[in-house]
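Open the model in your viewer and keep the selection tool at hand.

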Amino acid sequence: MRVTPLHSWIAGKLGVSDTLLTRETIARYQLLKVQQTLELAVNRSLFYQKLLAGFRGKINKLADLKDLPFTTAEDIRKRPLHFLCVSQDEINRVVTLHSSGTTGEPKRLFFTKEDQELTVDFFRVGMSTLVGPGDRVLILLPGSRPGSVGDLLAKALERFGVNALPHGPVQDAGRTLRVVQEEGINALVGIPTQVLALARFKGAARSSIPLRLKSVLLSTDYVSQAIRRQLQLTWGCQVYAHYGMTEMGLGGGVECQARDGYHLREADLYFEIINPATLKPVEEGEEGEVVFTTLTRRGMPLIRYRTGDWARFMPGRCSCGTVLRRMGMVTGRVRGTVQLAGGSLTMGQLDEALFGVQSLLNFEASLSCSHGKDRLTISPIINSEFDDSICQEIRLALNTIPTIKRAVDSGNLEIDISRQPNHFTDTAAKRSIKDLRKG
């Protein structure tokens, strides 16, 4: 197993050799970059001039960041232009994000050409973990617009001799699979549920389409172990996970060959894990909300941005040998946990249980209340006939989740299974349980 290529990349950005990259050198670099980012934001951003009034010059160590206020998605929605630290003429890409389930203002994120170049460089290094010169990668992410994630990824791959074919999100599984075969594709990058649908697609003979893939990278949503196992079993390939969001500049962390946690983009981002209730940093290894500060972005720096993602820092070194921090798999959204009579329930728990059902391609989950009793509605998308046996299989899978079993056994929860039509969506939004009980 080779050390993650992010190790040498970050060492180079810090100006040290691979052997001299330590947690101490990384911390010194990050502190300097945090100080520079704060100075830029206070001097150029109308939002941070107001938010950080009185805090200038007080960051003498990284731990001091805990005394600074947070930035939220709502802040960006209300005053996106107030975050700018450059003239609008220098902005090369504007991304508008509409949050599912809301009718309010969308988030608008601004990036300079230099900001996007940082992302391309991260993609180039991160992708070298799973592909190399001569490989052919099909990109199943939005890529039709210059500066979109698929466009930046294609540019990154081409820089080290990889043939990149932007395809866009899966709309027709059969068509996409034909492209894979005709183009000699040996690696995929896509949304977890969409790639799973390719693996479970049944052709005219009602059998899976054989592919010769060496690797798959899953991104944009939570990566369940159930989906990872299915892809590895079907295609005999290595499955990697990437963590990122538009606010991070699209790239945040990627797995190495050990596939045991994300190695973080520590030269460009500083990460924290906080308790969302107390807003204080948690202990190493404890789960909490992911918070990040940009270190090298000029157009629209973000300071202590609350992602809403639930994860933890993994203690100890990775078996690949790097000193880079690892973050465990994101297990859900802070606001995505719903309460039942039997305890709490997350989309991650549903994913792990339900994606073991072989005919399932995707599903939606919602909670409602009728006559004083909770109702969990599962709307599955399947690749077979929808009959009582499928419903029973889904019910048995749900019964393996202790929270659901306790709530059902106590008479406080009933299960409803209602099939969805087979369809694909081009959204990269993270899936969540829709709680309709609040009206």
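Helices (H or I, at least four residues) and strands (E, at least two) are DSSP runs, numbered from the N terminus. Axes are lines fitted to C-alpha atoms, for helices over the stretch in contact, and angles run from 0 to 180 degrees between N-to-C directions. This is a predicted model, in which local features need pLDDT of at least 70 and side-chain atom pairs count only at pLDDT 80 or more, while totals for chains, interfaces and linings use all residues. Residues are numbered from 1 along each chain as its sequence is written, and side-chain values use heavy atoms, with hydrogens and water left out.

Select residues 5-14, helix α1, and residues 113-127, helix α5. Their axes lie 9 Å apart, at an angle of about 140°. Show side chains next: Pro 5, Leu 6, Trp 9 and Lys 13 of α1 meet Leu 118, Asp 121, Phe 122, Arg 124, Val 125 and Gly 126 of α5 (contact means heavy atoms within 4.5 Å). By class, this contact of α1 with α5 has 6 nonpolar, 1 polar and 3 charged residues. Ala, Val, Leu, Ile, Met, Phe, Trp, Tyr, Cys and Pro count as nonpolar, Asp, Glu, Lys and Arg as charged, and the others, Gly among them, as polar.

Gln 116, Thr 119, Val 120, Phe 123, Arg 124 and Met 127 of α5 make the contact with α6 residues Val 149, Leu 152, Leu 153, Lys 155, Ala 156 and Leu 157. The classes in the contact of α5 with α6 are 8 nonpolar, 2 polar and 2 charged.

Now move to α10 (residues 347-354) and α11 (residues 388-398), which pack at about 125° with axes 9 Å apart. Which residues make the contact? Leu 350, Ala 353 and Leu 354 come from α10, and Ile 394, Ala 397 and Leu 398 from α11. That contact of α10 with α11 has 6 nonpolar residues, no polar and no charged ones.

Last, select Tyr 270, Phe 271, Glu 272, Phe 313 and Arg 325, which lie nearest the centre of the second largest pocket among its 19 lining residues. β10 (269-274) and α2 (23-44) each give two or more residues to this lining, and β10 gives the most, with 4.

Technical notes. On a 1 Å grid over the protein atoms alone, a cavity is a set of points where a 1.4 Å probe fits but cannot get out, and a pocket is an open set with protein on both sides within 12 Å along at least five of seven lines; lining residues have an atom within 4 Å of a point.
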